[in-house]
Amino acid sequence: PTVRAVSLTIDPGMRVAICVERGFDMVIGMLAILKAGAAYVPLDPTYPRERLTHILSHARVAHMLIREHLRSLVPMEGISAFCPEAEREAIALLPDTAPPAAADPGSVAYITSTSGSTGLPKGVEASHLAAVNYLNFISTSFEVTASDKVLQIPTMSFDASVRDIFGTLASGATLVVVNETQAKDPAALAAHIGQQRISALLSITPSLLDAITQSGVHAAATGQLRLILVSGEPLDTRHVVAAQRFFGAQ
């Protein structure tokens with residue numbers, strides 16, 4: 001997919017929207033866009049069409065990586081679409097060697113949108129340099145290493161996903177991606193943490209952490225989970241105590 005992105009004349013500096021479900025294709029697509037030197041613009045197909053139109057226009061998107069069955073949900077006027085399932089034969093014929101990186105430190109890596117709670121959503125650009133500095137801080141400050149297994153929970157439309165996905169990969173750790181159903185089910189997440197022997201949660205809200213600890217599923221209490229980074233909401237002492245008790249922290 002990376003080579004295919006380059007062969008589609010995705011030039012450095014372009015903005016490419018990505019609209020796919022959670023999973024490895026999501027990660028591969030994000031990496032392909034970055035490798036081509038473009039900036040990825042994550043889209044959530046459940047957003048109102050008016051909001052999606054504004055995001056695409058504001059980010060000046062000309063190309064989109066999208067699943068075929070999602071095309072009817074997203075405004076595509078003036079945008080060329082690349083559907084991986086329709087390109088499988090072409091992708092199979094391409095070399096599996098990585099093309100040279102086309103981005104530089106000052107290039108925009110991704111554009112995420114604000115909530116729009118105080119008006120229209122605004123696109124926020126993050127450069128490769130800013131992202132690398134941040135990911136290096138996460139890796140060194142919290143000692144994320146190749147021995148860790150990180151559970152990826154936030155949707156890619158939120159910048160917290162950058163910490164999960166690229167912070168994990170850049171540290172050599174193992175990334176475990178949940179599907180849409182699991183991401184919205186605290187009991188399923190609790191079971192997954194235990195079954196997959198997750199050692200770090202790099203992005204989780206206190207309310208979701210509380211829901212997991214109150215889920216009644218005790219498969220997660222394995223003592224493997226060593227690191228939880230919470231954000232987005234105030235953290236109460238009871239959340240900390242409940243998490244320590246639930247996950248078997250010493």
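## A walk around helix 6

Start by selecting Tyr134, Leu135 and Ile138 in helix 5, together with Val162, Arg163, Phe166 and Gly167 in helix 6: these two sets of residues meet each other. Keep in mind as you go that this is a predicted model. By class, the residues of this contact divide into 5 nonpolar, 1 polar and 1 charged.

Now show both helices whole: helix 5 covers residues 128-141 and helix 6 covers residues 160-170. Two packed helices are described by the angle between their axes and the distance between the axes. For this pair, the angle is about 75 degrees and the axes lie 10 Å apart. An angle from 65 to 115 degrees counts as roughly perpendicular, so that is how helix 5 sits relative to helix 6.

Next, bring in helix 2, residues 24-35. How far apart are the axes of helix 2 and helix 6? They are 12 Å apart, and the packing angle is about 75 degrees. That makes helix 2 roughly perpendicular to helix 6. To see the contact, select Met26, Val27, Met30, Leu31 and Leu34 on the helix 2 side, then Ile165, Phe166 and Leu169 on the helix 6 side. This contact has 8 nonpolar residues, with no polar and no charged ones. Phe166 deserves a click of its own: it meets residues of helix 5, and it also takes part in the contact with helix 2.

Stay on helix 6 and color it by burial. Of its 11 residues, 9 are buried, so the helix is largely enclosed by the rest of the structure. The buried ones are Ala160, Ser161, Val162, Arg163, Asp164, Ile165, Phe166, Gly167 and Thr168.

Now for the strands. Select strand 7 (residues 149-152) and strand 8 (residues 174-177): they run parallel and are joined by 4 bridges. Trace the chain from strand 7 through helix 6 to strand 8 and you have followed a right-handed β-α-β crossover.

Last stop: His192, in helix 8 (residues 186-195). Is His192 buried or exposed? It is buried, with a relative accessible area of 13%, because anything under 20% counts as buried. Leaving aside neighbours within four places in sequence, select its contacts: Leu151, Val176, Val178, Gln182, Arg197 and Ile198.

Definitions and conventions
Residues are numbered from 1 along each chain as its sequence is written. This is a predicted model: local features need pLDDT of at least 70, side-chain atom pairs count only at pLDDT 80 or more; totals for chains, interfaces and linings use all residues. Side-chain values use heavy atoms; hydrogens and water are left out. Axes are lines fitted to C-alpha atoms, for helices over the stretch in contact, and angles run from 0 to 180 degrees between N-to-C directions. Angles under 35 degrees count as roughly parallel, over 145 as roughly antiparallel, 65 to 115 as roughly perpendicular and the rest as oblique. Contact means heavy atoms within 4.5 Å. Ala, Val, Leu, Ile, Met, Phe, Trp, Tyr, Cys and Pro count as nonpolar, Asp, Glu, Lys and Arg as charged, and the others, Gly among them, as polar. Two strands pair if DSSP finds at least two bridges between them. A crossover is right-handed if, with the strands pointing away from the viewer, the path from the first strand over the helix to the second runs clockwise. Buried means under 20% relative accessible area, exposed over 50%, partly exposed in between (1.4 Å probe, protein chains only).
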